[in-house]
Amino acid sequence: MFKKNRYKDFLKETGEISAFAGRFFKEGFKPRYEFAELIRQCFIIGYQSLPLVCVTAFIMGLVLTVQSRPTLEEFGAESYLPAMVAISVIREIGPVITALICAGKIGSSIGAELGSMRVTEQIDAMEVSGTNPFKYLVVTRILACTLMLPLLVIVGDTISLYASYIGVNLKGVVSWHLYYTQVFDTIDFSDLIPAFIKSYFFGFVIGLIGCYKGYNSKKGTEGVGLAANSAVVVSSLLIFILDLIAVQIADLMGLT
Amino acid sequence: MEKNPKHQSTEGIINDDKVIIVNKLYKSFGDNDVLKGFNLDLKKGENLVVLGKSGSGKSVLIKCMVGLLYPDDGEVAVLGKNIPKLDQDELDHLRVRIGFLFQSSALYDSMTVRENLEFPLRRHWISKSKEEVNELVMEALKNVGLEDAVDKMPSELSGGMRKRIGLARTLILKPEIMLYDEPTTGLDPITSREISKLIVEIQHTYQTSSIIITHDMACAKIVANRMIILVDGICYAIGTYNDLEQSKDPKIRPFFE
Ligand SMILES: Nc1ncnc2c1ncn2[C@@H]1O[C@H](COP(=O)(O)OP(=O)(O)O)[C@@H](O)[C@H]1O
Ligand SMILES: [Mg+2]
């Protein structure tokens, strides 16, 4: 009985999230557009996560380089180090790690903020003040996440590559010029574009799930905690699932 | 005007025009039947108190009056318009004329008191110059006696102050109808009495017609011109405070004990 209910709840929630996404597209394209609020959200979301993204990107780049070296050394292929790290950072690690960090940082804060606005009737108050709360709160946040995540990924990738340069130079000496010639010789648009497109979807999912959980938060203070928590869990999971799908599509299109 | 608003006469304020008519209102959530054919009418200028235990559907009732919830069946006519039949634009226009004080005050946490008060002005396309907006904000705050709080954040305010600011934010649009959702719940008796007196003052200065939802008898005694008792999803009894206080009905007695 218990199991059956869980299964039903899962299907129900999937349906509800799809309907929520549908409402986003329906209401998002109709006026009145909340430009001022959108810009404010873009600033908040980008600014909030920038330090965290930078630090993790730096560490990932460095660690990846340091840890790959022994394996490559065994094959006598140390000179491939910059190229290998660049490919993994650009194609996979950059977007996914940035998205996960943002799911934790942005997803939870959106979930908690909208959740507490729901619980303390601020969303209802907005509605009676002649403001469509879905447009004002949800559409702006989802759009801001979708627009900002790719930018954060680009910043993260850049920092990872710098960190990797440092990592390469911890043992042995490689000039900056040689390093980046090697990196840019390996990377081409078929690496960048799928990763970039994928980041938009990651951003969309983080905004969508955070808003869905917060906007539909249950009454009471534990509802807010639950909204924040499940926003992070569900969006992180969805990021991996999307990544899996993205890899398959890129593969089918021959973008390898 | 007399000092104590309680003793002001309501003569000439209340007349027999009906500003809200609720007719056979039904609302249920799943298999939880909350309202089962509720009737009510609000006369122009009067303070109508709706009494009911918590969870009896009082908030549901007034949320139906501003289109925050949609009834399953029945009619909710506010200022001559049937709320469930209105489209979004008509509803927004009507909402300017209705003030709603939420149980939890519902101040926007991320905005200062000033921004909170400006919000309904900006959002209802009421275009005014900066000075006019500032004047309206200060006037609304003065009416609730909290001019000092203008640059504070809601988190710095006490429960009673939040209620007052919530009230100021609602009054800034000079509504014809005020709906108060448990205005005194969670406040100490002294603050409760102040808020109750403020409600009467508002009735007199703005000539508003109000529905006050409560289970606080002290507040009901101060503000009510007429009272309705909501039991089991229907309008169980109507009368003045004194009428109902005399009642021996086992479902009415508990409110007065
Ligand atoms: N949006 C909602 N969804 C489901 N049930 C609700 C909703 N709003 C209120 N209820 C239910 O309706 C009943 C009455 O609630 P409410 O009107 O808030 O009571 P109160 O009289 O204390 O204000 C409660 O049992 C509550 O659980
Ligand atoms: Mg209530």
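**Figure 1. Helix 5 meets helix 6 in chain A.** In this predicted model, helix 5 (residues 133-170) of chain A packs against helix 6 (residues 176-186) of chain A at an angle of about 125°, and their axes lie 11 Å apart. That angle makes helix 5 of chain A oblique to helix 6 of chain A. The crossing of helix 5 of chain A past helix 6 of chain A is right-handed. If you're wondering why an angle and a distance come up together, two packed helices are described by the angle between their axes and the distance between the axes.

**Figure 2. A closer look at the residues between those two helices.** Which residues of helix 5 of chain A make the contact? Look for A:Leu161, A:Tyr162, A:Ser164, A:Tyr165 and A:Val168. From helix 6 of chain A come A:Trp176, A:Tyr179 and A:Val183. Sort the contact of helix 5 of chain A with helix 6 of chain A by class and you get 7 nonpolar residues, 1 polar residue and no charged ones.

**Figure 3. Chain A, from end to end.** Now step back from the helix pair. Taken along the principal axes, the C-alpha atoms of chain A fill a box of roughly 65 × 50 × 35 Å.

**Figure 4. An open sheet in chain B.** Over in chain B, 4 strands form an open sheet in the order 2-1-4-5, with antiparallel pairing. Strand 2 (32-43) and strand 5 (81-82) of chain B stand at the edges with a single partner strand each, so one side of each has no neighbour in the sheet. Zoom in on strand 4 (residues 73-78) of chain B, and you'll find 2 bridges joining this strand to strand 5 of chain B. Here B:Val78 sits opposite B:Lys81 of strand 5. As background, strands of a sheet pair through backbone hydrogen bonds, either parallel or antiparallel.

Figure 5. How many bridges pair strand 9 (residues 226-231) of chain B with strand 10 (residues 234-239) of chain B? There are 5, and the pairing is antiparallel. B:Met227 has B:Gly239 in strand 10 of chain B as its bridge partner. The hairpin has 2 residues between the strands, and B:Asp232 takes a positive phi near 55°.

**Figure 6. Where the two domains of chain B touch.** Chain B is divided into domain 1 (1-97 + 176-191 + 209-257) and domain 2 (104-174). Their centres, taken over C-alpha atoms, are 25 Å apart. Domain 1 of chain B brings 10 residues to the contact, and domain 2 of chain B brings 9 residues.

How values were computed:
Residues are numbered from 1 along each chain as its sequence is written. Chains are lettered from A and ligands numbered from 1 in the order in which they are written. This is a predicted model: local features need pLDDT of at least 70, side-chain atom pairs count only at pLDDT 80 or more; totals for chains, interfaces and linings use all residues. Side-chain values use heavy atoms; hydrogens and water are left out. Two strands pair if DSSP finds at least two bridges between them. Axes are lines fitted to C-alpha atoms, for helices over the stretch in contact, and angles run from 0 to 180 degrees between N-to-C directions. Angles under 35 degrees count as roughly parallel, over 145 as roughly antiparallel, 65 to 115 as roughly perpendicular and the rest as oblique. A crossing is left-handed if the near helix is turned anticlockwise from the far one by less than a right angle, and right-handed if clockwise. Contact means heavy atoms within 4.5 Å. Ala, Val, Leu, Ile, Met, Phe, Trp, Tyr, Cys and Pro count as nonpolar, Asp, Glu, Lys and Arg as charged, and the others, Gly among them, as polar. Domain bounds come from an automatic or database domain assignment.
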